[in-house]
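Here is a model to examine.

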Amino acid sequence: MNLFDVYPLFDIEPVRAAGLSVWDKEGRKYLDLYGGHAVISIGHSHPHYVKRIARQLYDIGFYSNAVQMPMQQELAEKLGKISGYEAYIFFLCNSGAEANENALKLASFQTGRKKVISFKASFHGRTSAAVAATDDPSIVAPINQTDNIIFLPFNDVTSFEEALQLHGGELAAVIVEGIQGVGGVNIPTVDFLKALEAGCKKVGALLILDEVQSGYGRSGKFFAHQHAAVQPDLITVAKGMGNGFPVGGVLISPEIEARHGMLGTTFGGNYLACAASLAVLEVIEKENLLENATIMGHYLREQLEGMPGIKEVRGQGLMIGIELHEPCAAIRKELLNQYGIFTGSSSNKNTLRLLPALTISKAEIDQFLKAFSSILTKKVTA
Ligand SMILES: Cc1ncc(COP(=O)(O)O)c(C=O)c1O
């Protein structure tokens, strides 16, 4: 049997990784500034993470959600404490799309309504309601098409308020990314997030903050929306939560009451996922990674400002978009092939995305800056 051809692939076969370094089968070393789509939060194969998962596997790897699993409660408590959402309730699942499906479903159960506001350039996943709320018709299959999603311009308070006037009474939820990732690192303004919070309250809809990419310390705060001091009803997490172990979750406002049958999962919250997620939080805390993300992100953005060929640098913490005056594909290719540096792209083809592990050092940033600056300078003087 052959594999379904899902993605265009680089001709590189990683066989080992540690921190921000990845080695291919020929022994070539790469600097990973993308973390496999923003997943690597505490660094590849962090020793504490490896030890905690391995130890768990020797004890017990899996049982279904029909038995007592105190590790899930331990994880919820630790996450509540570190994120400042101690009063919230936690539902565990396996991926970002699944987290958003469950958040949208909960909002609909809670309000008894169907309509959802989402935003231009958003990405929320590839399944059912999550893909319907994603602004990319090329990945929406006919079965996922629905009239229930209203797409509005991002960061536009006026069109949001107009939409509320028209659809407020039918609205179950507003879903927005803490920072738009796939769309090209677009940061919601404080006024915009505050308007979403107030608008949802006014019409009885729920605010869903998709922190799948921007959460877990990436922005320098635990959640990106905390820069705007808003409090959503539902917060979705995945990616950095497991540092590569597939896990996701929804933080749920205590105002939403659980009822058996509302949600469910076979794999969600299994022992290995809990061990991986606990290890990530322990390392984030012990190594002060929110602080490192803030300091290193600031340094990186500061050094990028003023480099030739850059139109705009956007970002918070270690979620950084570098918008060029032309498509970034050739530069990303050169960074990878000539300099051994992994970076990401976005649906805005001119924007290169950097999403390194939160453990990144100044020396690693300097390695990238040197390579990037020589590529840009060569282009400008050519
Ligand atoms: C903001 C956001 N939400 C949801 C998802 C979907 O996550 P997953 O691929 O784990 O389903 C992604 C993935 O890129 C994302 O960036």
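**Terms and values**

D32 sits in strand β3 (residues 29-32), where a strand is a DSSP run of E, at least two residues, numbered from the N terminus. This is a predicted model: local features need pLDDT of at least 70, side-chain atom pairs count only at pLDDT 80 or more, and totals for chains, interfaces and linings use all residues. Residues are numbered from 1 along each chain as its sequence is written, and side-chain values use heavy atoms, with hydrogens and water left out.

Q: Why is D32 called buried?
A: Buried means under 20% relative accessible area, exposed over 50%, partly exposed in between (1.4 Å probe, protein chains only). D32 has 6%, so D32 is buried.

Q: Which residues does D32 touch, not counting residues up to four places away in sequence?
A: They are L20, V22, H44, F342 and P356. Contact means heavy atoms within 4.5 Å.

Q: What makes a set of residues a nonpolar core?
A: The set holds buried Ala, Val, Leu, Ile, Met, Phe, Trp, Tyr and Cys residues joined through side-chain atoms within 4.5 Å. Here the largest such core has 66 residues, and L304, I322, F368 and F372 have the most contacts inside it. Helix α8 (residues 271-286) gives the most to this core, with 12 residues. Apart from it lies another core of 21 residues, including V174 and F192.

Q: Why are α2 and α8 called roughly antiparallel?
A: Angles over 145 degrees count as roughly antiparallel, under 35 as roughly parallel, 65 to 115 as roughly perpendicular and the rest as oblique. Axes are lines fitted to C-alpha atoms, for helices over the stretch in contact, and angles run from 0 to 180 degrees between N-to-C directions. The axes of α2 (residues 47-59) and α8 cross at roughly 155° and come within 9 Å. Therefore the pair is roughly antiparallel. Helices are DSSP runs of H or I, at least four residues.

Q: How do you know that α9 is roughly parallel to α11?
A: Helix α9 (residues 289-304) and helix α11 (residues 362-381) pack at about 20°, with axes 11 Å apart. That angle makes α9 roughly parallel to α11.

Q: Which residues of α9 and α11 meet, and how do they divide by class?
A: M296, Y299, L300, Q303 and L304 in α9 meet K362, I365, D366, F368, L369 and F372 in α11. They divide into 8 nonpolar, 1 polar and 2 charged. Ala, Val, Leu, Ile, Met, Phe, Trp, Tyr, Cys and Pro count as nonpolar, Asp, Glu, Lys and Arg as charged, and the others, Gly among them, as polar.
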